[in-house]
Amino acid sequence: MATDTLAPDTASTPAHTKPARIGLVPTLHHSLALAGRGATKFLRSPIQLVDVVLTPIISLLMFVYLFGKAISGGDPDAYLQWVVPGVMVMTVFQASIGIGVALTTDAATGIFDRFRSMPIARSAPLIGAVLADFIRYAVCLGTLIVLALVMGYRPDTTVPAALAALGLLIAFAMSFSWISVYLGMLVKTPGSVQGLMTILVLPLTFASSVFVKPEGMPGWLQAWSDVNPVSLMADTTRGLLGDGAVASPLTGSLAWMAGMVVVFLPLAMRAYRKNNG
Amino acid sequence: MDYAIRAEGLVKKYGDSTALDGVDLEVPAGKVVGVLGPNGAGKTTTVRILATLLRPDAGHAVIGGHDIAKDPVRVRQLIGLTGQYASVDETLSGAENLVLIGRLLGLSRRDAKARAAELLEKFSLAEAAKRPIATFSGGMRRRLDLAASLVGRPRILFLDEPTTGLDPHARQEVWDVVKRLVADGSTVLLTTQYLEEADQLADSITVFDKGRKVAEGRPGELKRRVGGQILQVRPSMPADVPQVAAILAELSGHTPAEESGVLTVPADEPLLVSAVARRLDGAGLSADELGLRLPSLDEVFLALTGHAPAAPDAEPAAPDAEPAAPDAEPAVA
């Protein structure tokens, strides 16, 4: 290293014929460094923190005490056991749509220009943003679990199974957040992203096994609920937390997650490159 | 000659409007080239293309021996960019911003921290290192921004309007830093709206207008072409304007221009001021304003292109973005 702070690195690079590429390992390294930035920003923003703490609290209290009795036909305790895994899926799923909204504003600032003028993977700022949301989902799920336990929720599970459930929930949210990233890169205004994502999230969360058992639904709705990724993930979580089969809904959930990443990550990258040369 | 930047025929269109219309640009290694022009001249578009942020519709460019289109990653390894808008993270501290960049450039955590501390010290930001950028003054932000583009010791530096919106003191600080960089051997492409800035920093100046290069040369050459200083007189009584204009024409040998009661005329020799003052005094005429100034950007443009500068972009300069230097009037009528 040069001794003077401002002196440029003048070591000559030989003229290569093959263009330089950023490999997979450096891409991951850059993405993680940027995820650290995102997580720090989140932890310093009290409003965002309040949002991911309050939303699960309100959802769980509302569904158990307001609708629980009516839906369950008089057994709130049994309903609590049923609905907690579902609300876990719903809240991380809803939290995952925030990313596109945040990126529309972040990508327009000079800092993204700086990242793109550096020799790092072009995808790193987007992947970093998706990974940074780990902390949001963790806070969200942590709040939910503490409240559920206080309310009397008693999962019949083991520590590894419970950790697997939490890991899968976060992976689920991250996979689906690529839709939001894509829309953020496509429409570029925070309000439109929010609106489009709400249209998408409502049928997915309510026409699912989150709140009611699909057996009571009309045939067509039941057919939809059976393939709905939110239902599949809710059933997977229930299974891992001690209530039902795991294998079949897990396979379905993983297929959805893979599908989301395979389709929407490249689309988001393409839209990002198109916006920014 | 060894060129750090060589661009040929760069074209960029946005719909129907042409931002760049076939620009050639050459920057010799170790030199500072200033690109001077009003808003909308294509300065920022040029920098964004050369810094691999934007693809040109036509033309090509080679930076440090690497083609921007074919090998952008190697170009990015050589360059540093300081944009018009501070490209640092508001919620992070100064030190955190620089460490993040060091980490992204492959430094170990320890090396990134050491490099950040070194740069913060050098840019007189050490005391503010732990504060969030949101609390920084405009000049501090710009210095941090410069520091951020230097973490990787770039050989070629793009400074896009580095002092727009800064007060004269902060501007001087940025200039001092740039001068040190150049003394250390960096190649710099600087864009500016201020003639004085290009004059202070650049070895040669390229003038852009409406996406085209309209002139280039050393600052002294351009100044001679522009015609040196301007004598400016504002008669106290508007009714005196014709009489004062006649005196100016007689003494300077040029026909004065008049705009809202102010007369201007090229001052080929400095003694013109006292000659005019004596004549006005003798004729019993008084002036609220009488003095010499350097040509404004408008006048440079008028002289070089034969027309007034292109209208500014849709975003008018904020009041605090108005240059304070007397010779650097904004291109706003």
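Buried means under 20% relative accessible area, exposed over 50%, and partly exposed in between, with a 1.4 Å probe and protein chains only. Keep that in mind for what follows.

This is a predicted model, where local features need pLDDT of at least 70 and side-chain atom pairs count only at pLDDT 80 or more, while totals for chains, interfaces and linings use all residues. Residues are numbered from 1 along each chain as its sequence is written, chains are lettered from A and ligands numbered from 1 in the order in which they are written, and side-chain values use heavy atoms, without hydrogens and water.

I start with chain A. A:Ile71 is in helix H2, residues 46–72; helices (H or I, at least four residues) and strands (E, at least two) are DSSP runs, numbered from the N terminus. A:Ile71 counts as partly exposed because its relative accessibility is 36%.

Now chain B. It has 11 helices and 14 strands, and 51% of its 333 residues count as buried.

Take strand E3 of chain B, residues 32–36. Is it enclosed or open? It is largely enclosed by the rest of the structure, because 5 of its 5 residues are buried. In a regular strand the side chains alternate between the two faces of the sheet. For E3(B), B:Val32, B:Gly34 and B:Leu36 lie on one side and B:Val33 and B:Val35 on the other, and all are buried.

Which strands does E3(B) pair with? Two strands pair if DSSP finds at least two bridges between them. E3(B) pairs with strand E8 (residues 187–192) of chain B in the parallel sense, over 5 bridges, and B:Gly34 stands opposite B:Leu190 in E8(B).

Strand E11 (residues 229–235) of chain B joins E14(B) over 6 bridges in the antiparallel sense, and B:Leu231 stands opposite B:Leu292 in E14(B).
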